[in-house]
Amino acid sequence: MKGINKTFLMLFLGLSVLKADIVQDYLNKKYAQICSFKNIKKYTNNEKALSIIGVSCIKVDSLYLLPYIINSLKHTNYGRKNAIYFLTILMEKKLLYSYLFDNISLDSFSFPMTDYILSYIFEAIKYGNYKKVGDLIIIENKDKNLTYNVYKRGDRMYIDEFKNGKLIKRRWYR
């Protein structure tokens with residue numbers, strides 16, 4: 001997936017055809033503002049803009065909008081690569097959800113590693129690199145001094161990220 005990240009960077013550098021507002025918002029890290037169904041509809045025929053919207057959605061953990069983007073990323077090489085990146089993240093989310101709720105095995109699934117947290121969690125669970133305490137899955141990332149708690153509550157899957165025992169981010173998915 002490193003090639004996809006490089007492709008996105010090269011795409012980003014050549015954004016002269018886009019309106020300055022979406023580019024400026026991205027540069028100002030206004031990801032939540034960029035990640036909207038309204039923007040997806042507005043830029044439905046612009047793969048560069050849709051790629052920026054998709055990456056923004058990932059940065060704010062709004063993965064539910066990615067399917068609306070993926071289907072439009074088919075006309076260019078970088079669009080197709082970004083579609084694969086987004087789809088990989090969606091598949092990992094769905095499989096982790098099924099693992100937690102339905103106890104399906106992750107052994108037979110393989111995906112390229114991405115820079116998104118779900119790839120790390122997916123790989124750790126697939127290869128048994130975790131501790132289980134009741135329904136709580138605890139994953140240690142010693143390289144980054146982080147601990148992830150993965151659990152379900154209601155119809156949601158949660159990932160709590162801790163640094164030095166302090167909660168620094170909570171993500172949830174359906």
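C57 is buried in the predicted model, because its relative accessibility of 0% lies under the 20% cut-off. Its disulfide partner is C35, which also counts as buried, at 10% relative accessibility. The two sulfur atoms are 2.1 Å apart, and a search of the whole structure finds one disulfide. The torsion about the S-S bond of C35 and C57 is about 100°, so the disulfide is right-handed.

The largest nonpolar core comprises 47 residues. Within this core, the members that touch the most others are I53, L63, L66, F86 and I121. Helix 7 (residues 77-102) gives the most to the core, contributing ten residues. For I121, with residues up to four places away in sequence not counted, the contacts are L96, I139, Y148, V150 and I159.

I159 falls within the range of strand 4 (residues 156-163). Strand 4 pairs with strand 5 (residues 166-173) in the antiparallel sense, over seven bridges. In this pairing, E161 has K169 of strand 5 as its bridge partner. The two strands form a hairpin with two residues between them. N164, located in the turn, has a positive phi of about 55°.

Methods:
Residues numbered from 1 in each chain as written. Predicted model: local features only at pLDDT ≥ 70, side-chain atom pairs only at ≥ 80, totals over all residues. Heavy atoms only, no water. Disulfide = S-S within 2.5 Å. Buried < 20%, exposed > 50% of the residue type's maximum accessible area, 1.4 Å probe, protein only. Core = buried A, V, L, I, M, F, W, Y, C linked by side-chain atoms within 4.5 Å. Helix = DSSP H or I, 4+ residues; strand = E, 2+ residues; numbered from the N terminus. Contact = heavy atoms within 4.5 Å. Pairing = 2+ DSSP bridges.
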